[in-house]
Amino acid sequence: MTEDGVPIPYMQRTRDYYLALGYSPYRWAHFTEVPFTPLRMPLARARVALITTAAPYQPEAGDQGPGAPYNAAAKFYQVYSVSSASLPDLRISHVGYDRRHTSAKDINTYFPLARLKEAVAAGRIGALGPRVHGAPTNRSQRVTIDTDAPELLRRCQEDAVDAVVLVPS
Amino acid sequence: MCHQTVSLVARHLEAHGISTVIMGCARDIVEHCGVARFLFSDFPLGNSAGRPFDVESQAHTLELALRVLESAPAPRTTMQSPLRWSTDAAWKDDYLDLTKLTPESLAERRKEFEVVRTIARGKREGV
């Protein structure tokens, strides 16, 4: 029984689970040094981007609706970008969210673009970048570090954003 | 893997002059990786940005993340949202709960995992 107020030990649970399934233990990414860039201006003047791990809805790729079973066919393997002007249809059937306690019926629980727009309208944030960027979720840390992260940086620089809000699903 | 992916990306952005904040639900994965700023919600995976159909909770969660973004004094700053998913913590026991799985269901899950892996590999390689 998890004690009230104690977060779920995801690394341990995942390790135990895949060991029980017969796989070798996964080595989670760990670094002692952590890079840090202070925000250079007041948030009310900053341009902010959103990075998500949600996937664009693909009509041909099977069930991606709320509560759909894990759907590997809906995964994506390259960084993508969509305009932040509208609200894109992004789903999370391709990842291991908590299907028992979450329906994923409300996109705003994993993709806060509508709330970010309200923050811009309220003057809390200067502006949003022109695009939202999608980060492929990958068991290979090497691919994320060597390929996807540099590509996301390039796109953020192209969009001249000062800060990024990242939201895993 | 989502939490690890965004942690690795956030680190890369920070190293190249862009400030970041992660909004997430898996505290151990993000902190083990090591990131600049993290707003932790003790919610089931899939609710990093607040409760479903609860605009107030979502706006509050974003506002906390923005405050962390503008005011974190140093890297590895984690703030935990005061919002609670439920007064009962029982939901936390269900995620990948091995005690409820028989050897047969474990074998079944392994088979399913291999199928998923094959689909993913095919898609990755454009087959």
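A nonpolar core is a set of buried Ala, Val, Leu, Ile, Met, Phe, Trp, Tyr and Cys residues joined through C-beta atoms within 7 Å. In the predicted model described here, the largest such core has 66 residues. Within this core, the residues with the most contacts are Val164(A), Val9(B) and Ala65(B).

The contact between the two chains takes 77 residues from chain A and 71 residues from chain B. On the side of chain A that touches chain B, at least two residues are supplied by each of α1 (10–20), α2 (113–121), α3 (141–158) and β7 (163–167) of chain A. The largest share of this side comes from α3(A), with 9 residues. Sorted by class, the side of chain A that touches chain B comprises 46 nonpolar, 17 polar and 14 charged residues. Val9(B) illustrates the contact from chain B: apart from its neighbours within four places in sequence, Val9(B) is in contact with Ile51(A), Ala135(A), Thr144(A), Asp148(A), Ala149(A), Leu152(A) and Leu166(A).

Strand pairing also links the chains. Strand β7(A) runs parallel to β1 (residues 19–24) of chain B, and 4 bridges join the two strands. Val164(A) has Thr20(B) as its bridge partner in β1(B), while Ala163(A) stands opposite Ser19(B). Within chain B, β1(B) is joined by 3 bridges to β2(B), again in a parallel arrangement, and here Met23(B) stands opposite Leu39(B). A right-handed β-α-β unit is formed by β1(B), helix α2 (residues 27–33) of chain B and β2(B).

Strand β1(B) is largely enclosed by the rest of the structure, because 6 of its 6 residues are buried. Ser19(B), Val21(B) and Met23(B) point one way from the strand, whereas Thr20(B), Ile22(B) and Gly24(B) point the other way.

Helix α3 (residues 55–71) of chain B has 17 residues, which at 1.5 Å a residue should span 24 Å; the end C-alpha atoms are 24 Å apart, so the two values agree. An α-helix has 3.6 residues a turn, so residues three or four places apart point the same way.

Terms used
Residues are numbered from 1 along each chain as its sequence is written. Chains are lettered from A and ligands numbered from 1 in the order in which they are written. This is a predicted model: local features need pLDDT of at least 70, side-chain atom pairs count only at pLDDT 80 or more; totals for chains, interfaces and linings use all residues. Two residues are in contact if their C-beta atoms, placed from the backbone, lie within 7 Å. Ala, Val, Leu, Ile, Met, Phe, Trp, Tyr, Cys and Pro count as nonpolar, Asp, Glu, Lys and Arg as charged, and the others, Gly among them, as polar. Two strands pair if DSSP finds at least two bridges between them. A residue is buried if 20 or more other C-beta atoms lie within 10 Å of its own, exposed if 12 or fewer, and partly exposed in between; C-beta atoms are placed from the backbone. The expected span of a helix is 1.5 Å times one less than its number of residues. A crossover is right-handed if, with the strands pointing away from the viewer, the path from the first strand over the helix to the second runs clockwise.
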